[in-house]
Amino acid sequence: MAEENDSDQQDEKDQIAQAHGDAEAKRTLRASIKGLYEGVRDFLGHTMNIADDTNIEGTVTAIKRDMVFRGQNVWILICSIVVASVGLNVNSTAVIIGAMLISPLMGPILALGLAIGTNDWELLKRAWKNFGVMVVVSLITSTIYFFISPLSDAQSELLARTRPTFLDAMIASFGGLAGIIGLSRRNNYSTVLPGVAIATALMPPLCTAGYGIATLQFEYFLGAFYLFLINSIFISGATLVVVKYLKFPLVSFINTKTERRVRLYMALSVIVVLLPSGWIFYDVVRETVFIRNANRFVAENIVFEGTEILTKKLTYNDSVPRIDLYMMGEPISEEAQMQLKRTMLKYG
């Protein structure tokens with residue numbers, strides 16, 4: 001009996017020791033996880049910190065200087081618009097990129113984000129005025145060029161600016177972030193803004209909009225101007241986010257109710273602008289899937305001895321997408337044609 005009691009007591013001691021060991025192991029594991037988390041957090045905080053080396057005064061001065069559209073800036077804009085329009089007209093990517101490097105379009109767009117982020121309503125009014133001058137001058141210049149140009153066909157570089165999607169909003173957002181982050185450094189990365197101008201492609205849409213007016217093809221005008229609007233809004237929005245994050249000093253203070261209303265208007269504006277681009281993107285995806293499946297269908301099934309495909313035309317629309325094949329050689333039997341129509345279903 002005594003031996004059994006001793007055995008029970010020993011088991012109980014072993015269980016208590018094991019419980020203490022498990023608790024200690026858990027505390028050690030928690031301490032290790034906490035240490036790892038804090039180490040990663042400190043590393044990322046040090047590595048990705050953009051608050052250090054911020055030149056707020058220099059950034060504000062540079063944006064205010066570059067937003068003004070008069071004198072030489074207007075003439076530089078006109079020249080760059082003509083160069084970009086020629087590039088679109090002759091389908092030259094190199095010329096279009098060169099025009100975007102010349103263009104001073106970024107100034108008023110960055111100023112809009114800065115003005116809203118710092119509650120500088122006087123700057124906001126001036127930025128809107130210069131933004132309007134920029135748009136009007138660009139549209140008039142490009143319209144005149146395409147009106148007198150003997151080359152009236154819409155090339156691929158021009159057509160690429162008529163169907164904006166929310167991917168363009170992503171490009172503008174991240175391009176805008178890169179632009180304002182680079183501009184706000186003390187050593188001011190001079191290569192950032194030209195890169196942003198190329199990536200976000202502000203100028204080609206305005207030139208394409210002028211082409212739409214000159215040729216009375218207003219669907220081109222609407223699509224291209226909508227792309228320009230998306231780029232402008234999201235570059236300004238990215239500027240606003242960074243200005244707020246870096247705590248640029250407020251020029252004036254507004255009450256909480258007014259600030260909430262301004263933020264609501266901005267959010268609604270972004271949603272309204274973005275929704276059509278989402279639908280266009282969905283349509284582009286459907287078209288891409290159709291073209292891929294149609295090409296695969298033709299390559300894998302339209303193979304007949306003594307018959308050759310001369311030309312292939314794939315036409316996508318919401319109602320009845322079409323595959324038009326122009327062929328030469330031996331006739332294809334009715335039975336083979338029916339089999340092809342049944343096979344098409346397997347390719348979507």
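**Aromatic rings in a predicted model**

Ring pairs join Trp 128, Phe 131, Phe 221, Phe 225 and Phe 228 into a cluster. Do keep in mind as you look around that this is a predicted model.

Where do Phe 131 and Phe 228 lie? Phe 131 belongs to helix α6 (residues 121-148) and Phe 228 to helix α11 (residues 218-245), so the pair ties together parts that are 97 residues apart in sequence. As for solvent, both Phe 131 and Phe 228 are buried.

A second pair to visit is Tyr 211 with Tyr 220. Here the ring centres are 6.0 Å apart and the planes are at 25 degrees, so this pair is stacked. Are Tyr 211 and Tyr 220 buried or exposed? Tyr 211 is buried, and Tyr 220 is buried as well.

You will find Ala 336 in helix α13 (residues 334-344). Its relative accessible area is 17%, and since buried means under 20%, Ala 336 is buried. To place Ala 336 against another part of the chain, look at Phe 304: the two residues are 32 residues apart along the chain, and their C-alpha atoms are separated by 9.8 Å.

Key: Residues are numbered from 1 along each chain as its sequence is written. This is a predicted model: local features need pLDDT of at least 70, side-chain atom pairs count only at pLDDT 80 or more; totals for chains, interfaces and linings use all residues. Side-chain values use heavy atoms; hydrogens and water are left out. Helices (H or I, at least four residues) and strands (E, at least two) are DSSP runs, numbered from the N terminus. Buried means under 20% relative accessible area, exposed over 50%, partly exposed in between (1.4 Å probe, protein chains only). Rings of Phe, Tyr and Trp (its six-membered ring) pair if their centres lie within 6.5 Å; planes under 30 degrees apart count as stacked, over 60 as edge-to-face and the rest as tilted.
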